[in-house]
Amino acid sequence: MAGIKAPVSEQFHSAGQRREGAYLGMWLFLSTEFMMFGGLLCIIWYYRLAHEMQVSKAVEHLHYGLGGFNSALLLTSSFIMSLAIQAARKAKMAHLRSLLLVSVGLACAFLALKGYEYHSEYQEGLLPVLTSQAPLKEPAARLFMGLYLISTALHAMHILVAILLGAGIWLRLRLGRLPMPERLTVIETFAFYWHAVDVIWIFLFPSLYLIGRPV
Amino acid sequence: MISETSHVASTEPSYLEVEHGLKSWLLTTDHKRIAILFMIAVTFFFFVGSLAAGAIRIELITPQGDFLTPDGYNRSFTLHGVIMVWFFLIPSIPSVLGNFLIPLMIGAKDMALPRMNLASWYLLAGGGLFTMTALIAGGVDTGWTFYTPLSTMFSHGHVVAVIAGVFITGFSSIFTGINIIVTVHTLRAPGMTWFRLPLFVWSLYATSVILVLATPVLAITLLLVVAERFFGIGVFDPRLGGDPLLFQHLFWFYSHPAVYIMLLPGMGVISELVTASAHKRIFGYSFVAFSSVAIAILGFMVWGHHMFVAGQSMYASMLFSLLSFLIAIPSAIKSYNWTATYFKSRLTINAPFLYTLTFITLFLLGGTSGLFVALLAADVHVHDTYFVVAHFHYIMVGAAVSAYFGGLHFWWPKITGKMYPELWGRVAAVTMFIGFNLTFFPQFILGYLGMPRRYHSYSPEYQFLNDVSSSGAAVLAVAYALPFFYLTWSLFKGPQAIANPWQAAGLEWSVPSPPPKHNFPNVPVVDFEAYDYPPEATRGRN
């Protein structure tokens, strides 16, 4: 991913040109993420429209409260990441480090909660793979749970990558290897990725948990 | 801008001599060295894929299945397809010629993201070796398309391992695509405006857009196939609530644009080769440039033409048929403009020119036969027959591979600093043209007569044409093997190349052959148009 590591910069003439390259590279990488999750969302919506009633039987069982709280965690972490960029621009290093840590901490909380959610779904016998999915009778409802598992697990892997990258940047900041604002590109391109993973969740959450839930 | 000087004085060592040792190659971030690494990798994969093709053609000499078992035959054509599509055709021109030439053509010192460039090579090599291991361990019998439910329920080959290899290689494609787009956006030399870019750069830019946007859809599709095989999540299994046709939609959403990933770079090469052999500015520069973009965009909207007989809605088929016809327009614009460029020019007849003619001719045949299969009623007749096999081989082998070989000959002096033996180059080009048509033209007839694809035995009345095809394949094998030998020979014994042996325009010919590590001693300032040949424009060879 562009700009995360120390750049080999001899091909660029100026810092501005290098920054432009890193931004564009990251945007293009994110477009691949959107195409991948976009494909998955198309599949989810295809089955939702084809089997509306059966899918809502599955949606009924999902823990939308947990999912909603998790959405709040992610959005807050995104907000704090924006504050971290502000701090980086003003070279407030201690501030930047602690904001980064809070943001990463919120993402860890998201994963922990997601794990708890999977655990409860496992105990309720909803998940494919490990359980018999006894509460769900219709094949389409069971398939929807499969798509739920694939898409949320894939998203969780992206959160995990974001956490690892964030921790790496925090360490480099701690060791004084990322002077700000000279190396602002590193934190900014990382934040692009962070926000993109959140945006993907914002589309996944209603597509999985909310729409079709009986009121 | 034709460089009249035969020798550009340079004290700087070339990129080949600046460092030595295996490590200096395996850890290089120089785009030119990475291009060489890619060249070695794709040559190896081309060889492996060709061996599998050879096994197929040997089997088809007789109507009975006597050389391979039915299962072995399925595994052979799967190996051939998987290796040729993902490990040769897709990376060939973008990663070898594109990597080498784009920075030189736009006046840059390197690609914008050099380490990502190297990572792309490791991903291709890693994914390739992974796939090769799986294919050697017993292979897979699904065809390169991995159609469900065959791949999810019935296949007993190493489906997951091969899919993993293709998945890894997908990242290589994405990395190369991102790198090309970023490089073209950020590293153009002062004065190198978009409409001064060589058309090779335009077509690789369009290719990269497809690489970046289409490959992730293949990734998720293949992941879902793995999820179905491993965990029983039946996205494509009707018993589990899924839909097998959905797989075809998703697969071709990637794989039809992938056809243009394989073809557009070839069109870019041909645009360069046409102008260099005609010593003329290309006819209708902006039309050729925008037709690349049009092909990239339209290419995303035609995937349903692979599913005319698969049970999709008739109205969808009609729309996909219409959109597929539209692709013919930008393709024809290119062909006409190349031909018009030759009009009233004093041609240089050399091996690159012969490869160019081969490309244009075979592309014309492949393209027009594409109209047959885009036509709903005709497709019902020829679908899944050798007609389709012939059609896409004319495009993907006849056209794309000729362009790769033509480009390799044309830029060989720049890449290696050595001239290839011209006579042998011409012999190989002509042999390729003859061998290719001998192999694949009979397949049009076979398909039209109703011979289905993917069977290891066939009814005896098809034998004569199959034997013509198989003997053509032997000629083609010679044509592909020849350059391997004389180009390797030229590395050691070939005469030293001057900076601009073809008297061609373009920034890449203004630097020494082979270029120094950072390409240009000073940042070039571009105050001339692309293909800046003198106005009289009729000068031939000296």
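This is a predicted model: local features need pLDDT of at least 70, side-chain atom pairs count only at pLDDT 80 or more; totals for chains, interfaces and linings use all residues.
Residues are numbered from 1 along each chain as its sequence is written, and chains are lettered from A, with ligands numbered from 1, in the order in which they are written. Local features require pLDDT of at least 70 and side-chain atom pairs count only at pLDDT 80 or more, whereas totals for chains, interfaces and linings use all residues.

Chain B contains 15 helices and zero strands, where helices (H or I, at least four residues) and strands (E, at least two) are DSSP runs numbered from the N terminus. The C-alpha trace of chain B spans about 70 × 45 × 45 Å along its principal axes. Of the 542 residues of chain B, 56% are buried. A residue is buried if 20 or more other C-beta atoms, placed from the backbone, lie within 10 Å of its own, exposed if 12 or fewer do, and partly exposed in between. Among contacts in chain B with a separation of 6 or more, 85% join residues 24 or more positions apart, a contact being a pair of residues whose C-beta atoms, placed from the backbone, lie within 7 Å.

Helix 11 of chain B (residues 351-374) has 24 residues. Its first and last C-alpha atoms are 34 Å apart, close to the 34 Å expected at 1.5 Å a residue, the expected span being 1.5 Å times one less than the number of residues. Helix 11 of chain B is largely enclosed by the rest of the structure, because 17 of its 24 residues are buried.

At the interface, 34 residues of chain B contact 29 residues of chain A. Helix 4 (114-136), helix 6 (159-186), helix 7 (199-231) and helix 8 (244-278) of chain B each supply at least two residues of the side that touches chain A. Helix 7 of chain B gives the most, with nine residues.

A:Thr152 lies in helix 5 (residues 139-174) of chain A and is buried, with 21 other C-beta atoms within 10 Å. Beyond its neighbours within four places in sequence, A:Thr152 contacts A:Lys114 and A:Leu204.

Technical notes. Two residues are in contact if their C-beta atoms, placed from the backbone, lie within 7 Å.
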